[in-house]
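Please open the structure in your viewer and keep the selection tool at hand.

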Amino acid sequence: MKKNVKYLLTYTLAFSSCLLIAQNTNPTIDSLLNVLKTLSSPSPEVQFVKGTDTIKVNTLNSLSWQYINIGELKQAMQHAQEAKQLGENVSFKKGIASSYNNLGLIYSDQGDFTKALSNFRESLKLRIEIKDKRGIANIYSNIGTVYKNKGNYGLALENQLKALKIREEIKDKKGIATSYNNIGNIYHGQGDYKKALDNQLKSLAIKEEIGEKLGIAMSYNNIGNIYKTIGDYENALNYHLKSLKMKLEIGDKRGIAMSYNNIGNIYKRQGYYEKALENGLRALKIELELEDELGIAISNQTIGAIYSKQGKLEESMRYFSRSLEVSKRIGYKLGMKETYSEFSELYEKKGDYKQAYQYHKLYSDIKDTLLNEESSKQIAEMNTKYESEKKEKDIELLTKDKALQQAEIGKQKFIRNGTIGGLILALSLAFILFNRFRVTSKQKKIIESQNFQIVESINYSKKIQDSLLPSIESMQKNIPSIFVFYEPKAIVSGDFYYFKEFEKYTLLACVDCTGHGVPGGFMSTLGSLLLDKIADSEALSPSEILSKLSDEIIRVLHQQNGGEIQDGMDLSICLIDRNNKKIEYSGARNGIIIVTNEQAKRYKADPLPVGGNYMKKGIAIERNFKTQHIPINTNDWIYMYTDGFMEQVGGSEGIPMNYSQFENQLLNVSKIESPEEKNKLLQLELDNWRGTHERDDDVLIMGFKVV
């Protein structure tokens, strides 16, 4: 009798554990360990119970899952592997699939995305084989999360939408909430913050309804991240503190570290660097204990950025190096992108512009990989496909209604009667459309041919324009220090530079013609030829050259009597006396800047351009261009420029650069001797300032020293 009671108690305990797992509840770790201890007993009473091995597999998998949730990945790995081995011994496919899923989650948390995907795919095969819809949806969701972390947003959304579709079919509320959460994270990564927030709020509402604390904490975290990204730090901090409080209650160590890191980031953005550092170091300490490599990469990056803000560049570099090392090892491209950007800024602060440019190039390359047009297109197509399929399903369900089915019978009669007439009409239309298509196709080919010829013509125009520009090599033979930063907006440019060498002097001109592209290209070609004709003697002063050039443009373009074309040019001209170390400068709306002992001084130009018909009370305004005589020191840098660089829209406010900011750029450039490195730094600064804004204009900057 006592023996039978023991059998009954043991079986009841094991069965209760199995039932808890099957119902997707959350038994405590202690209760699961007690069940496992009982099931692992060598006593004949336990061995008598049928199905003990499968119950043990489920218990081990449930334990692994609980340890994953609190970030104890070593224990999670141990129980998952034991469950998998036992499941294979007894051919328990559902248990093996759960083990593979847990192993995938563990590797994902460790940042080993290759192993994570491999285990998820093994789990998916078994789930499909045993037709476990809930399990299939979970695997698709987990695979989508891995692709999101790898930066492949297209495949990420594809898998998340597959998961959502199945979860809606089986009315899995918890799963649906998870899907909305994951889809929100993808839209956040793509920069669509409205859709990101909409999905996270949908997820939060369901999680609050079903009372899932861990999920609620994660939703708070994700909503906080969105607010942080859009600069609403008050709301961001509020949500992250709520998330942290809940994670502390449930003992989610990995989640606690994540919250500390996010809170640290917000304090960093608000300028509270000590608070930021305190939270960042707390996060890193937990992640090192858990051996959470993904978290380690993120926290090292956060701490490095805080030290950078404090001006502690060596400490900053040390933490950035650790972050980059881990990100590369685990293939965390998002982390690599951010760390490359941070390194670029760091080396710029240190004055190492070569390294700054190299890291900026790495950042740009990986950014293009992550945010390419194909990925965005994939996301839009898959989202449309999902919405379409959802609507079709809704329609299908509605048509099952009895009343609608009766109405459908009447419709079918009408459709049948109209089909024959419709076919005849369709054939007639098809014939007309086919003829129209032939005409349209022919027109399309003509247009494509014309467009090709136009582009070819513009490309050849560029060759002509480039042939009129002096070679940098010939200029450097005369002025070794000279460099030219020349970035046309389109194929041909409205900016050009001019160089001419005389016995005792060197003439340089930096010219901005009205417009850019093809119109600017025509004007720059005309200006270059006229300037070469006028500047035929070193006896001419820069102001005389400007006056003659203005007269010639007015004459050639028939601008004397207010003709239709009133285009002109803004330019600066420097006549360099190399022997006596001085320059003669004259400018038509284009000044020059001279950097002496790390101080920038701007020499202003005359207010009117060359060319164009400028009248006052019906009388042409006389242009009296002035020549300024400027002595030069050996280490002075002279900069000539057009307005394209400083008038580029950019920065945090989306406005043009002011003169002080432009002068600061030139001060940084002056610290470098190499012409190639100067060009790289200017390109870096222009790209950083411009950000996502379109290029506004042609860009031209020339710099030189008189040695």
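How do the residues of the lining of the largest cavity divide into nonpolar, polar and charged? Before making the selection, bear in mind that this is a predicted model. Select Gln465, Leu468, Leu469, Phe496, Ser524 and Ser528, which line the largest cavity, and you will have three nonpolar residues, three polar ones and no charged one on screen.

Select tyrosine 227 and tyrosine 239, whose ring centres are 5.9 Å apart with planes at 15°, so the pair is stacked. Tyrosine 227 belongs to helix H12 (residues 213–229) and tyrosine 239 to helix H13 (residues 233–250), twelve residues apart, and both tyrosines are buried.

Now select phenylalanine 485 and phenylalanine 645, where the centres are 6.5 Å apart and the planes stand at 70°, so this pair is edge-to-face. Phenylalanine 485 lies in strand E1 (residues 483–487), while phenylalanine 645 lies in the loop between strand E11 (637–641) and strand E12 (649–650), so the pair ties together parts 160 residues apart in sequence. Both phenylalanine 485 and phenylalanine 645 are buried.

For a group of rings, select Phe320, Tyr340, Phe343, Tyr347 and Tyr359, which form one aromatic cluster.

Finish with two charges over rings: arginine 602 lies over the face of tyrosine 659, at 3.7 Å from the ring centre, and lysine 678 lies over the face of tryptophan 637, at 3.7 Å from the ring centre.

Methods: Residues numbered from 1 in each chain as written. Predicted model: local features only at pLDDT ≥ 70, side-chain atom pairs only at ≥ 80, totals over all residues. Heavy atoms only, no water. 1 Å grid on protein atoms, 1.4 Å probe; cavity = no way out; pocket = protein on both sides within 12 Å on 5 of 7 lines; lining within 4 Å. Nonpolar A, V, L, I, M, F, W, Y, C, P; charged D, E, K, R; others polar. Phe/Tyr/Trp six-rings, centres within 6.5 Å; stacked < 30°, edge-to-face > 60°. Helix = DSSP H or I, 4+ residues; strand = E, 2+ residues; numbered from the N terminus. Buried < 20%, exposed > 50% of the residue type's maximum accessible area, 1.4 Å probe, protein only. Lys NZ or Arg CZ within 6 Å of the ring centre and 35° of its normal.
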